[in-house]
Amino acid sequence: MLAYLATKEQFLLDAHVIEDKVRDAVRENLHIGVSPNELNSWRNSLGNAMVHVMNSPKIPSDVGVAIEYQINKHKNRIDFIVSGKNSLGLESIVIIELKQWTDIEFSFLPEHVKTFVGKKDREVLHPAYQARSYASLLEMYNQYVYETPVGISSCAYLHNALENRVVNDSRYEEALRNTPVFIHGEKELVVDLIASNISEGDGIDLLRRVDASPTRPSLQLADAISNMLQGKEAFILIDNQKTVLETIVHRAYTGLEGKKQVVIVNGGPGTGKSVVAINALSRLMGQRMNARYVTPNAAPRAVFEVKLKDSFKGGQIKELFSGSGSYTGLESDEFDILIVDEAHRLKLRTQYSKGGDNQIREIIHASRTSVFFLDESQKVTWKDIGEVAEIEKFAESMDAEVTHLVLESQFRCNGSDGYIEWLDQVLGISTSNSLYLPKDEYDFQVFDNPSVLYKSIRERNIPENKSRMLAGYCWNWVSKNDHVKFDISFPEFDFEAKWNLETRGSAWIIDPESIEDIGCIHTSQGLELDYVGVIIGPDFTMKDGKLVSDPAGRASTDVSLHGYKKEFGENPVEASAKADRIIRNTYRTLMTRGMKGCYIYCTNPEVADYFRALLFEEVV
C-alpha cells in the first residue's frame, strides 16, 4: 500500500520538509500513527542521506519514488523504492533499506547483528537479509511483479556507520550475495546500483501498477515441503520469522550442552508457524540432530506424507512426522529436539496409549529441547489443553529454561492482518476500536443460497484444485454408515452434500475429488486453501443484536464437545464459557484457511445479516 509517492524531481522539491510529507502520507494512506523518533529518522535518512543520493544526474528525473511502502497489507514497510526501466526497457525496482545505526556487533544468531535500537542493544536481522526478504515478498505475493515479471534489486544503506567490518563479514556471505550493504562515504555506490538497474523513468506508473495488483500467493506450504526438507529454499523468512528460526536452532544446541530447553512460539493463523517449524526440522536434521515434527492433528501429517512420497521413503517420512501421542513411557531426553506444531491441540491423555497422563509433560520429558507453536484461539475441542501456562508449568517442574517468541505478520488471507483482526472482532474473540473490513482488504462474501456458494467455490477450484467447502460440525455423519444418504441438506435450495468421505483419509484437503464433499475442522486445521467456502450452522444465533453460540446446535456425532454436558452439570458457568470459546475458535479456524478468499453461508439469516452489516461498516 502506497504512502508517499512522487517522481525523483518532486522528491527533491519536497526535501526540506520530507519528514512532514511522509508523516502526512502515512497517516492518510496507511492510517498509522507516527512517533517523534520516526519523524527524526525520516529527517536524517530521507532529508539528508537519500536526497544526496537521488540528486545525482545518473538517476533520471522522472523515476518513481515510494517511501514507507506497506507490503501486501503486512505491517512490514519498505523504506525507499526507486522505479523505472532498465537498459533493455524492462520494468525494474530498486529497494533500499535505510539504517541509522552507528555501532554494530556480531550476533550469536546467524543472519543477525547486534545494535542499539529501541533504547537497548538487540539482536536484529542483518540489513541485507531484511532488504532481500522484502524483495522476495513482492516476488512471491504480488501478482503483477511475478507475472510481468518486474526485476527487483535490493541493498541496504547504513549512512551513519563509519566502518563495515561487521556487516560485510564473510559469515554473511549468503545475505550479501545479491544485496550489498553500503555505509557512510559510499553514496556513489548507492547511486551506481540504482543507475545500473534503472536507465529511464516512467513517472509513478509502475509503482501504481504494483500497488493495484492483487495479492496472490504463488506457493503453499504443502507444495514446498519436499524442497524445504532437502535444504532448498522455498520461502524466504522475513523479520521475526527468521529470528524465531535462528533462536530455535540456537536453543537446540544449548539444550545439548546445558539445561533442558522449552521454546514457546505464539502466532495467529498464517503467521508462518508451520513454515518456521519445517525449516527448523530441515536445518536440525541436516546437522545430525535427532529431531521430529509433531502434530496432534492427523491432517497435516497425512498431507505432508503424500507430498513427500516421491522424495522420501515411507519409513523416513514416518520417522520425520509423528502424532502427539507417541511419547508416552519414553526415557528422559530420548530426542535432541521435538518440534510441536498446532500445540494448542495437545491432549491430557493419549487415547490409544496406556499410562499417558499429559502430552505436554511427556514431550518435554522426552526431549532435550521442546518447541511449541501455538495459537490458543485455535483450541477447538473439549480435550485440547495446549496453553502457555500449562507448558510453563511443566517446564518449571523439569527445571527447563523457557524462551518466549512471537510470530506476527501473517501470510494467509491475502496477507491481510486487517481481515484477521476484523474476524476476531466480529466473532467476539477479541475487541478492537473502530475496526471494519475495507472492500479491497480480502475477498470475503456472504451468500444467501448455499448452492450458489458451492457453485462459486467450484469455479474458484478449477484453476488449481485448491478450493474446498467446509462447515461447522452441526450435522450428523449419517453417510459414514449409509453411503447413499446425505449429511447436510437444505431442500429449499436444492442443496445436499456429504461430509468428507472416510475413504479419502486424513489427506482429504488435497484429494483431487474432495471438492465433491464437505470438510470439517479435523480435516482442515493446520492446512491452507486458495478459497474456502464455510457453512455456518445453528451453533451460532443472534440475541439482542449480538452473536451468541449455542452448543445445542452441534451434531450429536461431534466429538469436539464431548465432556460439555458432564461439566455443565458440575459448573454450568465455566462449561458454557468453554463451549462458547470452542465454537468461536472453530469458525475462526475454518474462516482463515483461504489464502485468497472466504465465502460463507449462514443457516440463520440474522447471523448472515450480522456479518454482512459489518463488512464495510465500523464495528462499535
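1. In helix α7 (residues 187-197), the buried residues are Val190, Val191, Leu193, Ile194 and Asn197. Buried here means under 20% relative accessible area, exposed means over 50%, and partly exposed lies in between (1.4 Å probe, protein chains only). Viewed down the axis of α7, its buried residues fall within an arc of 160 degrees, so they line one face of the helix; the arc is taken over the directions from the helix axis to the C-beta atoms. These buried residues pack against α3 (36-54), β3, β4, β8 and β9, with contact meaning heavy atoms within 4.5 Å. Helices (H or I, at least four residues) and strands (E, at least two) are DSSP runs, numbered from the N terminus.

2. On provenance: this is a predicted model, in which local features need pLDDT of at least 70 and side-chain atom pairs count only at pLDDT 80 or more, while totals for chains, interfaces and linings use all residues. Residues are numbered from 1 along each chain as its sequence is written, and side-chain values use heavy atoms, with hydrogens and water left out.

3. Helix α8 (residues 205-212) has Leu206, Leu207 and Val210 as its buried residues. They cover an arc of only 100 degrees around the axis, which puts them on the same side of α8. The buried residues of α8 pack against β1 (4-7), β2 (64-70), β3 (77-85), β4 (91-99) and α5 (143-147).

4. Six strands form an open sheet in the order β1-β2-β3-β4-β8-β9, and the pairing is mixed. Strands are taken to pair if DSSP finds at least two bridges between them. β1 and β9 (181-183) stand at the edges, each with a single partner strand, so one side of each is left without a neighbour in the sheet. From one strand to the next, the twist averages 25 degrees. Axes are lines fitted to C-alpha atoms, for helices over the stretch in contact, and angles run from 0 to 180 degrees between N-to-C directions.

5. Within this sheet, β4 and strand β8 (residues 151-158) run parallel and are joined by eight bridges. Leu98 stands opposite Tyr157 in β8. Helix α2 (residues 18-30) packs on the sheet and touches β1, β2 and β3, its direction making about 55 degrees with that of β2.

6. Strand β10 (residues 261-267) has six of its seven residues buried, so it is largely enclosed by the rest of the structure. Strand β14 (residues 367-374) runs parallel to β10 and is joined to it by six bridges; strand β15 (residues 401-407) is also parallel to β10, with seven bridges. Ile264 has Phe372 as its bridge partner in β14 and His404 as its bridge partner in β15.

7. The largest nonpolar core has 108 residues, of which Tyr419, Trp422, Phe444, Met591, Ile600 and Phe611 touch the most other members. Helix α11 (residues 273-286) gives the most to this core, with seven residues. A nonpolar core is a set of buried Ala, Val, Leu, Ile, Met, Phe, Trp, Tyr and Cys residues joined through side-chain atoms within 4.5 Å. Leaving aside neighbours within four places in sequence, Phe444 is in contact with Tyr419, Trp422, Leu437, Met591, Cys598, Ile600, Phe611 and Leu615. A second, separate core of 36 residues includes Phe11, Ile67, Phe182 and Leu193.

8. The whole structure contains 39 salt bridges, each being a side-chain nitrogen of Lys or Arg within 4 Å of a carboxyl oxygen of Asp or Glu. Arg251 counts as buried at 19% relative accessibility, whereas Glu401 counts as partly exposed at 31%.

9. Other salt bridges can be listed briefly. Glu570 pairs with Lys566, the closest N and O atoms being 3.1 Å apart. Both lie in helix α18 (residues 564-570), four residues apart, about one turn of the helix, and both Glu570 and Lys566 are exposed. Arg23 forms a salt bridge with Asp24, with the closest N and O atoms 3.2 Å apart; Asp24 counts as partly exposed at 39% relative accessibility. Lys58, Lys187, Glu188 and Asp192 are linked in a network of salt bridges.
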